[in-house]
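Here are some notes for a first reading of the structure. Please keep the sequence and the model open while going through the points.

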Amino acid sequence: MPAGADGIPGAKTLPLGPDGLPVVFDNGPRAKPRVALTFDSDMTAGMQERLRTGKTASYDNTALLADLRRLKVPATFFMTGLWIDTYPQEAKGIATDPLFEVASHSLTHRGFAGQCYGLGHVPENEMAAEVRAPFDRLKAVPGARTVPYFRFPGGCYDKAALKAIASTGVTPVQWDVVSGDADGATGDKIAATVLAKVKNGSVVVMHNSLGPAAHTADALPKIVAGLRAKGFEIVLVSDLVGAAAGQTAAG
């Protein structure tokens, strides 16, 4: 487990690739109808400034969280350190809820490669610390259900970034279904997109940080009902990574 809370016992990571770099996880095995719903807790310095000046009311989607609990939906949250700093009680509640697990989404939500949607850039010598920061913030929380995974802000990475974070021991987790919630889509559109694209083993990326993703909570009940009607079991990312790691070991 990276520096941080004790986490979920037995949460698996993928072995390093033949080049010695972390292997990026996009989806789980396709044999079983299982899908993981993931939520990015984005927070940048600019977002914090908008909160401070009153230009934005909140980046905490409490309605989404309430629906996940009401519908008993397992979910994996990729939290930035700045989101934890801004909403420490909410972060603590998510991290200790048996329905959920928490992984890293960096400290500042800056990009790890290229221009990356104008997010700025993390110097290579700071990348490992950025990965560890959310875990460090949760290590004092008893029962925090952290898992050794990391999602690159904006999904941007290259070999240099993978090399820079290798020492943290995390498995980078991407996705194979983009919900479109961060593009301002309506709840109906988000749900239709997810249900049309999802496959066995899919990892769906969504957001719980409001902003452009203002309608994720509107979409969630439709997504959950649609997945369950199609026979999908909703699981945690750690379940899918564990299955993939088992296949790798067996192979």
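How many nonpolar, polar and charged residues does the lining of the largest pocket have? The lining has 13 nonpolar, 10 polar and 6 charged residues. Here Ala, Val, Leu, Ile, Met, Phe, Trp, Tyr, Cys and Pro count as nonpolar, Asp, Glu, Lys and Arg as charged, and the others, Gly among them, as polar.

1. Basis of the notes. The model is predicted: local features need pLDDT of at least 70, side-chain atom pairs count only at pLDDT 80 or more, and totals for chains, interfaces and linings use all residues. Residues are numbered from 1 along each chain as its sequence is written, and side-chain values use heavy atoms, with hydrogens and water left out.

2. The largest pocket. The space in the largest pocket is about 660 Å³. A pocket is an open set of points on a 1 Å grid over the protein atoms alone, where a 1.4 Å probe fits, with protein on both sides within 12 Å along at least five of seven lines; its lining residues have an atom within 4 Å of a point. Grid points are joined across faces, edges and corners, and the volume is the space filled by probe spheres set on the points. The lining is made of 29 residues, and the closest to the pocket centre are Asp42, His109, Gly154, Ala182 and His207. Two elements give two or more residues to this lining: helix 1 (45–52) and strand 7 (203–207). Helices (H or I, at least four residues) and strands (E, at least two) are DSSP runs, numbered from the N terminus.

3. The disulfide. A disulfide is a covalent bond between the sulfur atoms of two cysteines. The rule used here asks for a pair of cysteine sulfur atoms within 2.5 Å, and the count comes to 1 disulfide. Cys116 is joined to Cys156, with 2.3 Å from S to S. Cys116 is in the loop between strand 3 (100–104) and helix 5 (124–138), while Cys156 is in the loop between strand 4 (146–150) and helix 6 (159–165), so the link spans distant parts of the chain, 40 residues apart. The link of Cys116 and Cys156 is right-handed, with 95° about the S-S bond. Both Cys116 and Cys156 are buried. Buried means under 20% relative accessible area, exposed means over 50%, and partly exposed is in between (1.4 Å probe, protein chains only).

4. Aromatic pairs. There are 7 aromatic pairs in the structure. Rings of Phe, Tyr and Trp (its six-membered ring) pair if their centres lie within 6.5 Å; planes under 30 degrees apart count as stacked, over 60 as edge-to-face and the rest as tilted. Phe77 and Phe100 have ring centres 5.2 Å apart and planes at 75°, so this pair is edge-to-face. Because Phe77 is in strand 2 (residues 75–79) and Phe100 in strand 3, the pair ties together parts that are 23 residues apart in sequence. Phe77 is buried at 0% relative accessibility, and Phe100 is buried with a relative accessible area of 0%.

5. Another pair and a cluster. Phe150 and Phe152 also form an edge-to-face pair, 4.9 Å centre to centre and with 75° between the planes. Phe150 and Phe152 are both buried. One aromatic cluster is formed by Phe112, Phe150, Phe152 and Tyr157.

6. A charge over a ring. Which ring does the charged end of Arg151 sit over? It is the ring of Phe78, with the charged end 4.2 Å from the ring centre. The rule asks for NZ of Lys or CZ of Arg within 6 Å of the ring centre and within 35 degrees of the ring normal.

7. Positive phi values. Most residues other than glycine have a negative phi. Lys72 has a positive phi, near 55°; Lys72 lies in the loop between helix 2 (62–70) and strand 2. At 61% relative accessibility, Lys72 is exposed. Ser106, not a glycine either, has a positive phi of about 85°. Ser106 lies in the loop between strand 3 and helix 5, and is buried at 0% relative accessibility.

8. Distances along the chain and in space. Leu210 lies in the loop between strand 7 and helix 8 (216–229) and is partly exposed at 22% relative accessibility. Leu210 and Asp60 are 150 residues apart in sequence, with 6.5 Å from C-alpha to C-alpha. Tyr149, in strand 4, is 74 residues from Ile223 in sequence and 24 Å from Ile223 in space, C-alpha to C-alpha.
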